[in-house]
Amino acid sequence: MNITIIGTGFVGAVSGAVYAKKGHQITGLDIDQNKIDSLKKDKVPFYEPNLEKLLKSQQKAGRLTFTNSYKEAIPDADLVIVAVGTPSLKSGAVNLTYIKQACKNLAPFLKNQAIVAIKSTVPPGIFQELYPLIEKHAKNKFYLAALPEFLKEGTAVDDTLYPDRVVIGADEPKVFKLLEELYLPYQAPIVKVNPETAQMIKYASNAYLATRITFINQIADLCEINGANIEDIIKGIGFDKRIGHHYWYPGLGYGGSCFPKDVKELAAYAKQVKRHKNLIVVIDKLNDARIPRLISSWETLVKGWAGKTVATLGLSFKPQTNDTRHAPASIIIPRLLKKGAKVKGYDPQARWSPPEKTAQFQQLATVEQAVKSADIIMILVEWPEIVKFDFTKTKLKKQQYFIDTRNRFQSAKLKKAGYIYQGIGNT
Ligand code: NAD
């Protein structure tokens with residue numbers, strides 16, 4: 001099948017390389033010339049394990065090419081997949097500028113009966129705007145489908161090669177047939193629904209995972225008052241098969257490029273349809289409030305941030321990615337700097353600097369360098385390089401604080417070494 005993928009970010013680049021491996025002819029299209037130049041040279045412009053090797057092999061085999069030209073990329077495509085960004089506006093509603101621009105640009109070059117599949121996360125009902133927009137500029141008959149994406153950064157290649165499920169949202173049998181043909185070799189369950197349901201499945205999946213994170217944080221907050229231990233609670237509740245031990249992350253709340261924006265977009269949608277008390281609206285507010293509340297409670301613990309040096313370990317939003325969008329570090333560090341702290345950051349892959357340039361922030365190359373002479377060590381991301389580091393061997397100050405927001409360290413061991421330890425949901 002001839003497939004063009006518009007947007008060669010995390011989703012587009014990974015999908016393109018994987019579909020090429022399955023034998024399809026793929027063209028990746030992006031308006032970012034630097035990204036295209038880099039991909040053409042087999043260089044992935046972001047960190048995603050296993051992608052570079054796959055990209056190289058598929059370009060070498062001639063099944064994967066990149067361009068910035070719609071005129072070049074669209075006319076031969078049986079299927080055009082749109083995977084451009086859909087960030088949130090200040091109001092929380094989705095910013096559809098990129099997707100509308102892509103739809104407008106692709107329309108005049110569509111071949112007869114081509115399928116345009118929207119992989120970007122978009123609110124239900126949006127096809128009522130996108131269909132007429134494409135139709136206005138198209139010369140041929142086309143079909144519109146929803147093809148939501150569920151990959152996770154850090155394991156994106158495997159998630160695409162072995163998806164848990166494929167969701168296809170369409171109204172026409174011809175569209176289901178072609179898209180099923182694309183996904184049959186993956187041997188994953190295929191859910192065939194109307195476009196609105198497909199779009200809602202995507203939002204509901206992320207909103208549910210965000211709800212689990214928020215739920216366990218709410219329980220953790222209570223544990224800090226009553227002396228219970230959140231990790232033992234997870235062990236205890238998890239044996240109930242309806243609950244399970246997986247996907248419980250007490251900590252700083254959910255971050256990253258998807259959950260915060262998807263929850264905000266769903267909350268904005270709920271408010272727009274006058275469901276102001278919808279659970280998702282509450283989840284969004286609780287998550288926004290979480291880091292400020294923790295910073296203020298730790299401020300009491302460390303007796304003020306002013307003049308203190310804080311080593312913040314982990315600048316990405318989770319391990320195995322260099323994506324810093326809505327990463328805890330990007331919310332915490334500017335607040336610490338504003339309160340007069342000096343911050344030394346470390347991350348094995350991500351590069352980050354505060355929006356306002358300041359000599360008070362420095363990114364160091366190793367954990368050792370970052371923690372040297374720090375008053376407070378703050379674990380933000382459980383990268384192996386951080387979790388495996390032996391903090392009991394570093395030279396301690398008289399009052400040395402260890403804030404473990406991932407609950408990955410043995411508190412007794414650190415306390416014995418002389419640290420004042422603070423985890424999440426334990427005392
Ligand atoms: P990204 O920001 O990494 O990449 C988007 C790309 O689209 C950029 O390279 C940008 O230059 C390009 N672009 C923007 N406008 C364009 C246009 N008019 N024509 C051509 N290219 C254009 O975004 P992403 O993380 O890959 O996410 C893409 C979509 O997939 C979003 O809707 C996101 O919510 C959804 N999604 C993302 C993930 C994830 O983990 N990143 C997972 C599932 C779904």
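Tutor: Let's begin with the way α5 passes α6, which is a right-handed crossing. This is a predicted model, so please read every value here as computed from that prediction. Helix α5 covers residues 97-106 and helix α6 covers residues 127-137. Their axes lie 8 Å apart, and the two helices pack at an angle of about 30°. Because angles under 35 degrees count as roughly parallel, α5 is roughly parallel to α6.

Now set a second pair beside that one. Helix α1 (residues 10-21) packs with helix α3 (residues 51-60) at an angle of about 50°, and their axes are 9 Å apart. That angle makes α1 and α3 oblique to each other. As for handedness, α1 passes α3 in a left-handed crossing.

V282 is partly exposed, with a relative accessible area of 38%. Together with L279 and L286, V282 forms a nonpolar patch on the surface, and the three share about 230 Å² of accessible area.

Finally, have a look at a loop. A228 sits in the loop between α9 (195-226) and α10 (230-238). A228 is partly exposed too, with a relative accessible area of 27%.

Note on methods
Residues are numbered from 1 along each chain as its sequence is written. This is a predicted model: local features need pLDDT of at least 70, side-chain atom pairs count only at pLDDT 80 or more; totals for chains, interfaces and linings use all residues. Side-chain values use heavy atoms; hydrogens and water are left out. Patches are made of residues with over 30% relative accessible area and no salt bridge: like charges are joined within 9 Å, nonpolar side chains (Val, Leu, Ile, Met, Phe, Trp, Tyr) within 5 Å. Accessible areas come from the Shrake-Rupley method with a 1.4 Å probe; for residues, only the protein chains shown count as cover. A salt bridge is a side-chain nitrogen of Lys or Arg within 4 Å of a carboxyl oxygen of Asp or Glu. Buried means under 20% relative accessible area, exposed over 50%, partly exposed in between (1.4 Å probe, protein chains only). Axes are lines fitted to C-alpha atoms, for helices over the stretch in contact, and angles run from 0 to 180 degrees between N-to-C directions. Helices (H or I, at least four residues) and strands (E, at least two) are DSSP runs, numbered from the N terminus. Angles under 35 degrees count as roughly parallel, over 145 as roughly antiparallel, 65 to 115 as roughly perpendicular and the rest as oblique. A crossing is left-handed if the near helix is turned anticlockwise from the far one by less than a right angle, and right-handed if clockwise.
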